[in-house]
Amino acid sequence: MLRLLRLLLLLLLLPPPGSPEPPGLAPLSPGAPPQAPDLLYADGLRAYAAGAWAPAVALLREALRSQAALGRARHDCGARCAAEPGAALPAVLLDAPGPDSGPGPARGTWERLLLRAALRRAECLTQCGAQRLGPGGAARFRVGSALRDAFRRREPYNYLQRAYYQLKKLDLAAAAAHTFFVANPTHLQMREDMAKYRRMSRVRPQSFRDLETPPHWAAYDEALELLGRQEAGLALPRLEEALRESLAQMESCRAGCEGPEEQQREEEEEEGAGSQGGLYETIAGHWIRVLQCRQRCVGDTATRPGRSFPVPDFLPSQLRRLHEAHAQVGNLSQAMENVLSVLLFYPEDEPAKKALNEYQAQLGEPRPGLRPREDIQHFILRSLGEKRQLYYAMEHLGASFKDPDPWTPAAVIPEALREKLREDQEKRPWDHEPSQPKPLTHWKDVLLLEGVTLTQDARQLNGSERVVLDGLLTPAECGVLLQLAKDAAEAGARSGYRGRRSPHTPHEHFEGLTVLKAAQLAQAGAVGSQGAKLLLEVSERVRTLTQAYFSPERPLHLSFTHLVCRSAIEGEQDQRMDLSHPVHADNCVLDPDTGECWREPPAYTYRDYSGLLYLNEDFRGGDLFFTEPNALTVTAQVRPRCGRLVAFSSGGENPHGVWAVTQGRRCALALWHTWAPEHREQEWTEAKELLKEPEEEEEEEEEEEEMPSKDPSPEPPSRRLPRVRDKAGKPPRLREEL
């Protein structure tokens, strides 16, 4: 009933039909206390699923508004209560404990001081939360980690853009889409949607704006643009705003470290690990986690939406630009104030010291009142106090802490930890890389024998059990196999697709050829026997390399071999939105919503490794790409070329697809391998029998007479056909190094 009333209320708040939509995603009910964001979001998704687009928009917007209002309330209450007399922590508690910390209060005094301050702070926060958020305060708005991650990834805007599109509000749809895309730049579907919006004549260019841009990034980027145009005077207000908003954003982040969500995370961790220790151990553990969270706020503030890594030295770099801009316009006092602030971070910074001397010389007289910025002094002193406590916890309590700042003075770090941290920092990058799946000695000789080079390993492909190898085919061999595919298509052969002309997309024409069909066509004279034999030989070559690289201890068998060509159909490529081959895994049914991959029919569950050997590159589109289990986030992309093999394990760890082929014809040899002998490719053996020369049959009969017994299902012989020579008639040169 409560949710129904909420829905009716939000419907009343919607503007009447035909009225102009407020700009962006403006609040629906200014001044009203926020509602539970998780309930609003869930109701919004239900309305969206039911096709109730207007209620979905109202609920999703209100969820976003409530989430933002909740964050502001926590920040404001935290700042107000921290400044209230009697609620501040005793000064003696702000430094790390230790034998060298000097005389402290009498035994038991600090406990009373701490308890009194903690109780007063709790009372203040409770009262403030009730005033701002209603009875229960922030505690009743506690949400799970999944919802927090959804808001962090801006997922509500993904649903909003589609709902706005259905409501024909295209400018708002484009704004919501752009807002989501900024934070999710590798999202495949949104990339396609953005391209669609840009082609729409009714969508204005100014609609593509980020509705969630943090103020400090907006000001910082505008300032950089002005500095690039040598307009230091115009850039200065934006630089000041960027620094001020950066510090405010950090304060907001720090306030969240004390919220009920952090407490919930601790409770979940304790449930998994088992709660240990008594009163003081529990208090210390909670406080350490709060400090760790606060220190992470530096990196969070310095990380652009959609980026994985923070801008290094974000605050010092802003101060450097500030003192240089002030100096350019003649504000030498402000320039000195900012360069002195830089020296708080890096006291031995030579460019900063040189600039300070120049400013003092230009001023011509000493200015004893000039000192670093107060906001920066406060930030550094507080940060150093927290670092001392965390390093103490590392040394004595076994806590973990990764310092986000390169400017931390060595004196803050306990001497016992300095050597270990120095060793960690000086480790070579490859010391941190995952080990190769198998030692190089298992496959290096095979690569050299085949004349193959390792182009990308799993680390470079951002995944596990993936590899790109080049040089498996010469250009002449690629030409023979391309001609085989062409001749087979002209002969009307279609195999492997169960009669379907376009199995994956109606915008491309597919041709498939199995090894057995190729052998049968060669026997009938419809295709050349050289191509059919090479198809067999190359498939065995790929199997040998795949086993050598991934599974030297366990034999792999060919499970299926398929020569596939896909050609773009002319006149059907404009505004095309689909893929040549949708994202999938080869031995399990991928569920992008949950990230699970169910190893059950109709998937080919017995396939263990996959391979794609490309024959050409003279086409547009058609790149292979790997994604996260959500089937949306691209992790790696590979461009086809003659003789390039992409091999990978066939499970849910390697979802992959193929971008649309929009021009030309793309041909590749697709191969799957299995550890199960019962699933080996019987057609391979049949095709080999059909393609035998009379001399080979006589030799095998003589060998059989000499052999007393024979394995009823032997592996295909390792003897290979000689490699096809190139146009110059020279055999391919083996590469001497990888």
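Mentor: Start with Tyr391. Leaving out residues up to four places away in sequence, Tyr391 touches Phe401, Asp403, Thr408, Val412, Ile413, Pro414, Leu417 and Leu421. Keep in mind that this is a predicted model.

Trainee: What makes these residues count as touching Tyr391?

Mentor: The test for contact is heavy atoms within 4.5 Å. Phe401 and Leu421 are among the residues that touch Tyr391.

Trainee: Which residues have the most contacts inside the largest nonpolar core?

Mentor: Phe345, Phe379 and Tyr391. That core has 46 residues. Helices H10 (232–256), H12 (279–301), H13, H14, H15 (350–363), H16 (374–397) and H17 (415–426) each supply at least two of its residues.

Trainee: What is known about a second core?

Mentor: The second core is separate and has 44 residues. Leu469, Leu472, Ala485 and Leu534 are included in it.

Trainee: Why are H13 and H14 called roughly antiparallel?

Mentor: Take the angle. H13 (residues 314–328) and H14 (residues 332–345) pack at about 155 degrees, with their axes 8 Å apart. The cut-off for roughly antiparallel is over 145 degrees. H13 and H14 are therefore roughly antiparallel to each other. Their crossing is left-handed.

Trainee: Which residues meet where H13 packs on H14?

Mentor: From H13, the list includes Leu315, Leu319, Leu322 and His326. From H14, it includes Leu332, Ala335, Val339 and Phe345. The contact residues divide into 10 nonpolar, five polar and one charged.

Trainee: How do you know whether Asn654 is buried or exposed?

Mentor: Compare its value with the cut-off. Buried means under 20% relative accessible area. Asn654 has 0% relative accessibility, so it counts as buried. Asn654 sits in the loop between strand E12 (645–649) and strand E13 (656–658).

Trainee: What is Asn654 in contact with, beyond its neighbours within four places in sequence?

Mentor: Ser464, Glu465, Arg466, His584, Phe626, Phe648 and Ser649. Thr627 is 27 residues from Asn654 in sequence, yet their C-alpha atoms are 7.2 Å apart.

Trainee: How much of the whole chain counts as buried?

Mentor: The figure is 44% of the 738 residues. The chain has 23 helices and 14 strands. Of its contacts with a separation of 6 or more, 75% are between residues 24 or more positions apart.

Terms used. Residues numbered from 1 in each chain as written. Predicted model: local features only at pLDDT ≥ 70, side-chain atom pairs only at ≥ 80, totals over all residues. Heavy atoms only, no water. Axes fitted to C-alpha atoms, helices over the stretch in contact; angles between N-to-C directions. Helix = DSSP H or I, 4+ residues; strand = E, 2+ residues; numbered from the N terminus. Parallel < 35°, antiparallel > 145°, perpendicular 65-115°, else oblique. Left-handed = near helix turned anticlockwise from the far one by under 90°. Nonpolar A, V, L, I, M, F, W, Y, C, P; charged D, E, K, R; others polar. Core = buried A, V, L, I, M, F, W, Y, C linked by side-chain atoms within 4.5 Å. Buried < 20%, exposed > 50% of the residue type's maximum accessible area, 1.4 Å probe, protein only.
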